[in-house]
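Subject: The structure for you to look through

Hello,

I am handing over the structure that we talked about, and I would be glad if you read my notes with the model open beside them.

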2 protein chains.
Amino acid sequence: MRVIFNEELKAVADDLDRMVQDVRKAINGAGDALINQNLEAAQAVIDGDIEIDALESSVIDQCVKLLAKQSPVATDLRVVVSTLRLAATFERMGDLARHIAEAARRTYPASPLPAEAQPLFAEMQAFLDNVADQMTSMLSDRDTKTAEEIILNDDKLDALHKKTFELAQSETWSGTNQQLIDVVLIGRFMERLGDHAVSAARRVVFIVSGFDPSKEPTRDEGTDID
Amino acid sequence: MRVIFNEELKAVADDLDRMVQDVRKAINGAGDALINQNLEAAQAVIDGDIEIDALESSVIDQCVKLLAKQSPVATDLRVVVSTLRLAATFERMGDLARHIAEAARRTYPASPLPAEAQPLFAEMQAFLDNVADQMTSMLSDRDTKTAEEIILNDDKLDALHKKTFELAQSETWSGTNQQLIDVVLIGRFMERLGDHAVSAARRVVFIVSGFDPSKEPTRDEGTDID
């Protein structure tokens with residue numbers, strides 16, 4: 001029984017790893033689409049989101065089967081319940097990357113962002129590319145040190161996100177209202193990608209340490225419109 | 001054992017009902033703050049979000065304990081797993097209502113929205129107030145008919161949300177860039193509230209019918225920036 005459980009748990013973990021690798025690719029690709037007007041990259045992110053959705057369904061199915069057949073307790077149960085949550089988080093990250101790719105595709109060959117906003121968004125993207133790398137290694141190695149880095153670093157993304165609002169209200173701003181809409185929405189998508197990475201990191205800390213991060217509110221604070 | 005399980009499941013269901021009632025209050029209050037510049041309502045939504053977060057923690061704890069001690073299968077397992085997901089959805093809806101309330105508080109006694117945008121947002125709010133009512137009765141009665149209405153009706157909110165972008169790019173638009181930022185963000189929060197209600201409705205259909213709504217992608221499509 002125990003052997004079967006471990007094998008089945010390993011299979012779910014593999015699917016979850018595949019999900020996070022797909023999400024990383026989606027984040028990288030959305031950035032390439034947004035920053036370099038790479039239309040192929042945009043299309044790949046949009047098409048690839050279906051695979052992320054399918055992996056989520058598969059992970060949920062496997063978890064429910066594990067719960068039904070194996071009745072895990074203690075750490076094993078914690079892993080299965082956290083896996084359900086992680087799959088939902090990664091699915092949402094795929095959606096957000098897709099939204100960014102869709103915006104880039106819509107305005108191609110132009111950027112959705114006015115010139116003066118591009119350096120700031122390139123900085124946010126560099127931050128997210130790094131988060132995507134961290135998430136991948138955090139998950140495959142159950143590495144709480146990296147998880148804690150993700151949690152602590154998110155303030156930097158929030159600060160960059162705030163700057164997008166300052167820019168939009170500054171003298172330098174030359175964009176159209178359509179560009180302002182895109183700056184606000186794409187900025188929001190990127191900030192939410194960071195929030196979801198934090199939520200995933202807390203989940204990994206929970207799996208490893210048993211400390212329940214849901215006791216700390218996972219609000220998207222400090223980045224909001226006020 | 002079965003009696004204990006049913007009693008414990010009833011206790012979780014009660015907490016989930018309390019959550020949805022709190023979310024309904026939060027949606028109503030955020031609307032009152034946004035549309036009528038009701039500062040007290042805004043503050044109540046902001047303060048009340050802590051209770052929604054606490055209820056989520058409590059629901060998750062109870063579900064994990066149920067899974068550990070009772071090892072539910074079949075329909076019971078479906079209910080427990082769906083409850084985990086519903087609690088996460090309601091927690092997020094509380095956050096979104098809070099964001100709207102925070103925007104209203106920040107600009108008080110003025111509205112965050114320029115005059116020409118107010119009728120459109122009042123219409124979106126009326127839609128969401130109705131959704132909040134539907135969600136409450138759907139959950140307490142396990143009523144799939146109302147759930148299906150929520151799922152089908154969401155297009156109307158998406159259409160209103162699209163109109164906010166059209167307005168911001170029209171000749172009529174007289175708002176500042178700060179107001180445009182608020183229109184985009186608040187519009188997005190409201191649209192996401194609708195999406196989460198759809199996700200909750202699909203979950204209720206799943207509990208009752210066993211048809212798995214996760215096989216249908218729960219994307220927030222049709223409402224995006226392109």
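This is a predicted model: local features need pLDDT of at least 70, side-chain atom pairs count only at pLDDT 80 or more; totals for chains, interfaces and linings use all residues.

Residues are numbered from 1 along each chain as its sequence is written, while chains are lettered from A and ligands numbered from 1 in the order in which they are written.

Chain A has 6 helices and 0 strands (helices being DSSP runs of H or I with at least four residues, and strands runs of E with at least two, numbered from the N terminus), so that its pattern along the sequence reads α-α-α-α-α-α. The C-alpha atoms of chain A fill a box of roughly 65 × 35 × 25 Å along the principal axes. For 226 residues a compact globule would have a radius of gyration near 17 Å, and the 19 Å of chain A agrees with that; the radius is taken over C-alpha atoms, and the globule rule is 2.2 Å times the number of residues to the power 0.38.

An unreviewed UniProt entry places the feature "domain: PhoU" at residues 16–103 and 122–204 of chain A, although such annotations may be inferred rather than shown by experiment. Residues 16–103 of chain A are 94% helix and 0% strand, with their end C-alpha atoms 27 Å apart, whereas residues 122–204 of chain A are 88% helix and 0% strand, with end C-alpha atoms 28 Å apart.

In chain A, helix H3 (residues 74–107) packs against helix H6 (residues 177–209) at an angle of about 165 degrees, with the axes 9 Å apart (axes are lines fitted to C-alpha atoms over the stretch in contact, and angles run from 0 to 180 degrees between N-to-C directions). H3(A) and H6(A) are therefore roughly antiparallel, a term used for angles over 145 degrees. Residues of H3(A) that meet H6(A) include A:Leu86 and A:Met93, and among those on the H6(A) side are A:Phe189 and A:Leu193; here contact requires C-beta atoms, placed from the backbone, within 7 Å. The residues of this contact of H3(A) with H6(A) divide into 12 nonpolar, 5 polar and 6 charged (Ala, Val, Leu, Ile, Met, Phe, Trp, Tyr, Cys and Pro count as nonpolar, Asp, Glu, Lys and Arg as charged, and the others as polar).

In chain B, helix H5 (residues 144–168) and helix H6 (residues 177–209) pack at about 165 degrees, with their axes 9 Å apart, which makes H5(B) roughly antiparallel to H6(B).

Best wishes

Conventions
Angles under 35 degrees count as roughly parallel, over 145 as roughly antiparallel, 65 to 115 as roughly perpendicular and the rest as oblique. Two residues are in contact if their C-beta atoms, placed from the backbone, lie within 7 Å.
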